[in-house]
Amino acid sequence: QLGHFYKFAADKITDTYPTDRYLNESKRLLGVLDGRLSDRDFIMGDDYTIADIAVWPWVSVLDGFYDAADHLELAAYPNVSRWLATAKARPASEKGQQVPAAPDA
């Protein structure tokens, strides 16, 4: 939801409540994830699981697609950064990131 308000809203909202709400919720969730990763390699422990597969693409687009790294202060979440780099560097993840976009219809 933050991405919509941050990048795609055609009309900039003069009331900052929606953007602030989603910004703060995104930061809260990143903090929970960072804490979870503080003593483990992956979300569920030592092994890469479906939890990591499901979450890392969403975290990845915060910087790459939405260009919101500074806005979200992603550098403040070092465990998330480490985990994201590890998840993205997996051979299957790299292969999946190379799938071309669908052609225009």
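The model is predicted: local features need pLDDT of at least 70, side-chain atom pairs count only at pLDDT 80 or more, and totals for chains, interfaces and linings use all residues. Residues are numbered from 1 along each chain as its sequence is written, and side-chain values use heavy atoms, with hydrogens and water left out.

**Overall make-up**

The protein chain has six helices and zero strands. Its elements run α-α-α-α-α-α from the N terminus. Helices (H or I, at least four residues) and strands (E, at least two) are DSSP runs, numbered from the N terminus. The chain has 105 residues, and 30% of them are buried. Buried means under 20% relative accessible area, exposed means over 50%, and partly exposed lies in between (1.4 Å probe, protein chains only). The accessible surface comes to about 7,300 Å². Carbon and sulfur atoms hold 56% of that surface. These areas come from the Shrake-Rupley method with a 1.4 Å probe; for residues, only the protein chains shown count as cover.

Among contacts with a separation of 6 or more, 63% join residues 24 or more positions apart. A contact means heavy atoms within 4.5 Å.

**H2 against H5**

Helix H2 (residues 17-36) and helix H5 (residues 78-89) have axes that come within 7 Å and cross at roughly 75 degrees. H2 is therefore roughly perpendicular to H5. Axes are lines fitted to C-alpha atoms, for helices over the stretch in contact, and angles run from 0 to 180 degrees between N-to-C directions.

On the H2 side, Leu 30, Leu 33 and Asp 34 make the contact; on the H5 side, Pro 78, Asn 79, Val 80 and Trp 83 do. By class, this contact has five nonpolar, one polar and one charged residues. Ala, Val, Leu, Ile, Met, Phe, Trp, Tyr, Cys and Pro count as nonpolar, Asp, Glu, Lys and Arg as charged, and the others, Gly among them, as polar.

**The core**

The largest nonpolar core has 19 residues. Such a core is a set of buried Ala, Val, Leu, Ile, Met, Phe, Trp, Tyr and Cys residues joined through side-chain atoms within 4.5 Å. Leu 30, Leu 33, Val 59, Leu 72, Val 80 and Trp 83 have the most contacts inside it. H2, helix H3 (50-63), helix H4 (69-72) and H5 each give two or more residues. H5 gives the largest share, four residues.

Val 80 touches Leu 30, Leu 33, Asp 34, Leu 37 and Val 59, leaving out residues up to four places away in sequence. With the same exclusion, Leu 84 touches Trp 56, Val 59 and Ser 60. Leu 84 is found in helix H5.

**Loops and accessibility**

Asp 41 lies in the loop between H2 and H3. Beyond its neighbours within four places in sequence, Asp 41 is in contact with Arg 82 and Trp 83. Asp 67 sits in the loop between H3 and H4. Its phi is near 55 degrees, a positive value in a residue other than glycine. Glu 73, in the loop between H4 and H5, also has a positive phi, of about 60 degrees, and is not a glycine.

| Residue | Relative accessibility | Class |
|---|---|---|
| Asp 41 | 41% | partly exposed |
| Asp 67 | 55% | exposed |
| Glu 73 | 46% | partly exposed |
| Leu 84 | 16% | buried |

Note on methods: Angles under 35 degrees count as roughly parallel, over 145 as roughly antiparallel, 65 to 115 as roughly perpendicular and the rest as oblique.
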